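Have the picture open while you read.

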Amino acid sequence: MILASTNETVEAGNGFNHKDIISVSQFNTKNLDYIFHRACEMRDVVEQDGCSDLLKGKVLACLFYEPSTRTSASFIAAMDRLGGRVIPITQGVQFSSVSKGESLADTIRTLEQYADVIVLRHPEIGSAQLAADYADVPVINAGDGAGEHPTQALLDLFTIYEELGTLENLKISMVGDLRNGRTVHSLTKLLTLYKVNLRFVSPEILRMPLTIMNEVIDAGINVRETHDVADVIKNADVLYVTRVQKERFTDLSQYEEVKGHYEITPEIMSQAKEKMIIMHPLPRVGEIHDSVDSDPRAAYFRQVKNGMYIRMALLAAVLGK
Ligand code: CP
């Protein structure tokens, strides 16, 4: 990937004005280039001035039916740093009229009376599209159950590029709950746009869904599955580790069987390339030992910061700025 640097490329890539962001399938290498270019500009704004008034007068409604730290806080910070305001329904949707039984459709139709853009996290697959069907203002999917998490995938891809300087010819290994992890679903789909090798490491019951495997195979990507981190650690350029998603299990005894299956330790890291990066969408609950944090290859908190720049870029783009 080459980051957009000419006005021509930037303008050609800007098809986001007043658009919903629901799935990574809306992205191609050209409009990714545009978003990444804007994210770099946003980083410059934050580093040089802290904030701007690009979105002054604009209002974001942040509606979270599931817990979140990073996604909700980074969208709020992004809007704040661009001079806009936020209606935060993130600290417990139980305090909203959802607790009285209000439907998602009515909640969305209400919030769009106040806001210029809505960010939604919801436990059901397809909820973001449903919200977008009802809203006239742009809806951004902040995670729809075990479906997609497109803004996370964008920040993940941006982080890989920023850390390694390329998105081509990389060996990327994903580890953990590949069945329920929406971040790995979205990132895998985006990676099919590039020439990469993918390795999926999971217990048998947490394998990557067949639909996504088929997309990978159809894209001509070299892909293998294994249960063992030892099979991938020596060759990986990126080790993308995920949490086992307890909240997606209907049978908690199955969760007990697979939780704690993987833990990345300094001993495992000692077998990895010097230039490998280790990523995690966070929160982590034991998949990466704390003692790995001081390893310069631990990119997960730099990944968190990139999330704010990417979300600043997305908010500006859907609001036509
Ligand atoms: N990565 C991520 O989506 O984190 P939160 O659940 O804290 O938003």
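Here is a short tour of the ligand's surroundings and then of the domains.

First, some ground rules: this is a predicted model, where local features need pLDDT of at least 70, side-chain atom pairs count only at pLDDT 80 or more, and totals for chains, interfaces and linings use all residues. Residues are numbered from 1 along each chain as its sequence is written, and side-chain values use heavy atoms, leaving out hydrogens and water.

So who sits around the ligand? Its shell is made up of S68, T69, R70, T71, R121, H149, Q152, P281 and L282, where being near means having a heavy atom within 4 Å. By type, that shell holds two nonpolar, five polar and two charged residues.

| Residue and its part | Ligand atom | Distance |
|---|---|---|
| T71, polar side-chain atom | oxygen | 2.6 Å |
| P281, polar backbone atom | nitrogen | 2.8 Å |
| H149, side-chain N or O atom | oxygen | 2.9 Å |

On its own the ligand has 250 Å² of accessible area, and the protein covers 92% of that (Shrake-Rupley method, 1.4 Å probe).

Now zoom out. An automatic or database assignment sets the domain bounds, and the chain is divided into domain 1 (7–148 + 307–318) and domain 2 (150–304). Their centres, taken over C-alpha atoms, are 25 Å apart. The contact (heavy atoms within 4.5 Å) takes 31 residues from domain 1 and 24 residues from domain 2. Each domain also gives at least three residues to the ligand's shell.

Technical notes
A polar contact is a pair of N or O atoms within 3.5 Å; within protein, one must be able to donate a hydrogen and the other to accept it, and residues adjacent in sequence count only if both atoms are side-chain atoms. Ala, Val, Leu, Ile, Met, Phe, Trp, Tyr, Cys and Pro count as nonpolar, Asp, Glu, Lys and Arg as charged, and the others, Gly among them, as polar.
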